[in-house]
Amino acid sequence: MTTPPFTPYWRPINSPMGPNSWVFFAVAQIDGRHRAVAVVSSPGTTEPIESLQGYPLTACCERSVTIFADPANYRAIRSELALAESYYVRDGGREYRPEPVELPDGNRRNSPVRKRPWDHSSTREFPFIAACLLQGVGFTPRIGRTAPVSLEPLATVYRDDSIEWGMVVLDITDLDAVRYGIVGFTVSMAKFVPSLEAERIPFSMGARGPGAFEFGDLRVMDEIRPRRAMSAAEYMAKFDYEVSEYGYIADRLDHVSLVDAAAMSLVWPTNADDDLALSPTRLPRGAGGGRSLQEQAIMRLIQETQNLEDFDMSIFDNIRFIPDFEALLRSNLLRQSNQLGHTRSAGRLLRLAFTDNKHLGLERMKVLSAEAISAALEGPEITSISLCIDSVRGIASQLVEALSRSDTLRDIYLLQSPFKESDALSVQIFEALAARPQMLLRTNVMISGACSAALRRKFWLPTELKDGATQLEPLEVFPVQQILVRQQQYGARNIKFDHGCVYLGDGLLKPERFAAGFLLWLSTLMSWPDEDEDSKMHLFSFSSASASLASNLFSTSQISPILAENFTRPMFMSNGDDLPPRVRDLVPGGWTVLVSQEIPRPHGRPSYLEPYYIRYAFVRPDKKRIVIDDSSTSILKQDDIEVVGLKGFLSATSPETDPADIDRRLHEVSEKLASKMPWGPLPDGIEPLSVLTRPEAAEMLVEFLGQVNKLSSKMTRKENSESK
């Protein structure tokens with residue numbers, strides 16, 4: 001019998017490993033192909049426990065699916081996906097295919113990819129979707145874990161021969177059926193075996209087993225790499241990861257379908273992909289590229305009516321039954337948007353073409369007038385609207401005036417162009433909205449410029465205001481100014497605290513939405529102050545919490561603006577060069593939350609093993625303003641402030657919130673805090689979560705104000721130097 005010829009191969013000399021770093025793509029089908037609308041990377045380190053490996057990766061997948069699949073986010077996501085059509089298919093049907101962008105190299109022995117500086121200059125094309133993905137990857141509230149994250153260009157691609165990177169793809173084409181998939185291949189140290197004689201040489205034996213003293217190259221061991229995605233369960237099994245103490249999260253992804261190969265074709269390209277032609281446009285057209293008789297009839301009616309002051313809708317009765325009438329009308333208005341006038345007729349045409357289930361979606365219109373928008377909103381049927389603010393002629397106040405005339409609007413989505421390089425217009429629009437607090441009270445407003453600024457780690461709203469105002473955001477709508485948090489230091493002989501501030505104003509959080517984020521934050525609060533960049537992701541609790549307390553805190557997620565000021569600055573009042581958010585004066589119309597995380601009985605254990613408990617209170621001045629830089633605050637009396645717990649706060653600001661929901665969520669948070677204590681229960685008489693008494697709150701507030709005064713001169717000097 002003839003012996004088959006020897007084939008050289010690579011022999012692994014250590015245990016196989018999965019990818020160390022991950023890139024996450026949110027893709028959607030646009031003009032026939034799945035294109036990236038957000039890309040986030042999470043670079044690993046030389047320590048596997050600090051990287052997304054095993055359970056933490058599957059938890060990120062589950063959280064990201066939760067965010068994209070939450071109906072509270074549907075309108076904003078779909079509006080940006082509509083803008084993506086114009087971004088990827090330009091005028092004349094020309095496809096936009098940017099040059100591929102490669103991920104940074106890494107070799108597991110050192111990870112230069114992890115410490116890349118944050119990109120403060122690039123404005124994200126679709127900031128709301130990018131914020132969804134960033135928060136899904138960066139923070140897993142179920143386990144309180146954060147991950148290092150970076151935003152990547154939309155042209156980023158994954159290469160399957162990388163020894164560093166794996167890939168997760170989320171297909172958000174259909175938000176009612178979000179899909180996901182994990183792609184990763186086995187990596188190992190390997191030694192090339194060129195001959196049968198070399199194969200017979202045994203491994204050297206070291207203290208760590210066979211191969212411990214062998215030298216080789218780190219390489220991908222899968223010679224055949226199929227273009228299919230794994231489920232969370234398949235990923236855990238392939239790389240033999242252990243089930244976490246938090247449970248088998250793969251079970252919660254069992255009902256989620258996997259992405260197919262087509263969804264990965266552009267983000268995981270082959271050489272043949274460069275030759276693929278643009279797929280046909282989906283806008284209705286007659287045979288041979290000419291316009292059908294029906295479309296010509298629609299065009300004539302548009303031309304005859306758009307410059308009239310008004311018209312009778314009955315003139316469309318004869319053609320409204322044409323197949324695809326709304327689609328034909330929309331496509332013609334999109335092509336002729338710069339010819340639409342400022343009349344009621346223009347508004348009626350917009351309403352007729354772009355209304356879907358009480359929503360008016362105008363984001364793809366390149367030119368709009370405030371007058372036409374106002375006319376389109378007339379009548380009781382429209383409850384929500386989305387538009388691109390860069391398309392609106394006139395000044396910001398005119399747009400806000402037009403929107404304010406509708407009494408039925410409940411949700412407003414103000415997007416910005418994917419080609420925009422500044423968020424200034426969104427600030428002007430919010431300034432106009434802030435002057436109309438009653439309008440903000442009755443509507444929910446999503447401004448993508450708020451997401452965009454936070455993603456660049458830039459302040460969104462001005463901090464220096466006239467007439468002594470503490471913030472631009474109206475307190476009667478967004479009543480919580482800030483959280484003052486202190487955390488007891490571990491190992492100190494005397495009781496000492498680290499002090500920090502979380503500024504809430506730029507998060508635009510109404511009372512119940514704040515309460516959901518606050519409880520989520522308390523349940524994941526770290527047991528010691530951590531100024532690592534990753535720790536800022538804990539603040540995603542406020543911008544990715546449930547829409548209401550009636551929903552489970554961990555299985556639903558409504559995306560709101562990331563706390564830009566805190567995402568830009570550290571939270572704690574350290575002695576370093578970086579300064580925390582400015583503590584605002586306490587004013588009678590606003591609430592400040594005090595949070596104290598304390599150790600009942602220090603034992604010198606590692607800080608993450610020490611039990612702790614939390615006391616908190618909502619406070620506001622009873623009559624007069626409490627000035628931060630006023631030395632008289634040292635004699636603050638307890639009668640000068642009102643002190644309540646969460647139920648008291650919501651009773652005063654959101655009486656429609658069900659008290660039973662509040663009790664249920666408070667109980668859940670207390671149980672979660674108690675479960676985080678590996679050294680047994682707290683001493684008798686100490687609860688995991690409780691409300692400060694008025695004397696305790698007054699004493700703690702004075703302590704905070706003293707800390708702030710120590711830093712005030714330093715902050716002033718630094719801000720003056722930054723403004724020069």
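Predicted model: local features only at pLDDT ≥ 70, side-chain atom pairs only at ≥ 80, totals over all residues.
Residues are numbered from 1 along each chain as its sequence is written, and side-chain values use heavy atoms, with hydrogens and water left out.

Back to that pair. Strand β18, residues 411–415, runs parallel to β19, and four bridges join them. Helices and strands here are DSSP runs (H or I over at least four residues for helices, E over at least two for strands), numbered from the N terminus. Two strands pair if DSSP finds at least two bridges between them. The sheet around them is open and has five strands in the order β15-β16-β17-β18-β19, with mixed pairing. At its edges are β15 (355–356) and β19 (444–447), each pairing on one side only. Across β18 and β19 lies helix α11, residues 424–434, at about 160° to β19. For such angles, axes are lines fitted to C-alpha atoms, for helices over the stretch in contact, and the values run from 0 to 180 degrees between N-to-C directions.

Buried means under 20% relative accessible area, exposed means over 50%, and partly exposed is in between, with a 1.4 Å probe and protein chains only. Among the buried residues of α13 are Ser448, Cys451 and Leu455. Arginine 457 follows α13 and has a positive phi, near 55°.

Now to the other sheet I'd like to show. β1-β11-β14 is an open, antiparallel sheet of three strands. Its edge strands are β1 (9–12) and β14 (217–220), each with pairing on one side only. On average, neighbouring strands of this sheet are turned by 60° against each other, direction ignored. β1 and β11 (residues 187–193) are antiparallel and share four bridges, and tryptophan 10 stands opposite phenylalanine 192 in β11.

What about the cores? A nonpolar core is a set of buried Ala, Val, Leu, Ile, Met, Phe, Trp, Tyr and Cys residues joined through side-chain atoms within 4.5 Å. The largest has 91 residues, and those with the most contacts inside it are Ile129, Leu134, Met167 and Ile172. A second, separate core has 51 residues, including Ile298, Leu349, Leu352 and Ile389. Contact, by the way, means heavy atoms within 4.5 Å. Beyond four places in sequence, isoleucine 172 contacts residues including Ala26, Phe68, Ile129 and Val178.

Glycine 166 sits in strand β9, residues 165–171, and is buried with a relative accessible area of 0%. Past four places in sequence, its contacts include Pro19, Trp22, Tyr158 and Val183. Valine 157, in the loop between β8 (150–151) and β9, is buried too, at 5% relative accessibility. Leucine 266 is 109 residues away from valine 157 along the chain, yet their C-alpha atoms are separated by 7.6 Å. Valine 157 also touches Phe25, Pro100 and Pro269, among others.

On to the aromatics. The whole structure holds 25 aromatic pairs. Rings of Phe, Tyr and Trp (its six-membered ring) pair if their centres lie within 6.5 Å; planes under 30 degrees apart count as stacked, over 60 as edge-to-face, and the rest as tilted. Tryptophan 521 and phenylalanine 542 make a tilted pair, 5.7 Å centre to centre with 40° between the planes. Tryptophan 521 is in helix α14 (511–524) and phenylalanine 542 in helix α15 (540–543), so the pair ties together parts that are 21 residues apart in sequence. Both tryptophan 521 and phenylalanine 542 are buried. They belong to one aromatic cluster that also includes Phe514, Trp591 and Phe649.

Last, confidence. pLDDT is the predictor's confidence in each residue, from 0 to 100. The protein's mean is 85, and 83% of its residues reach 70 or more. Over residues 274–289 pLDDT stays under 50, and the model has 24 contacts for them beyond four places in sequence. Residues 205–209 also stay under 50, with five such contacts. Thanks, everyone!
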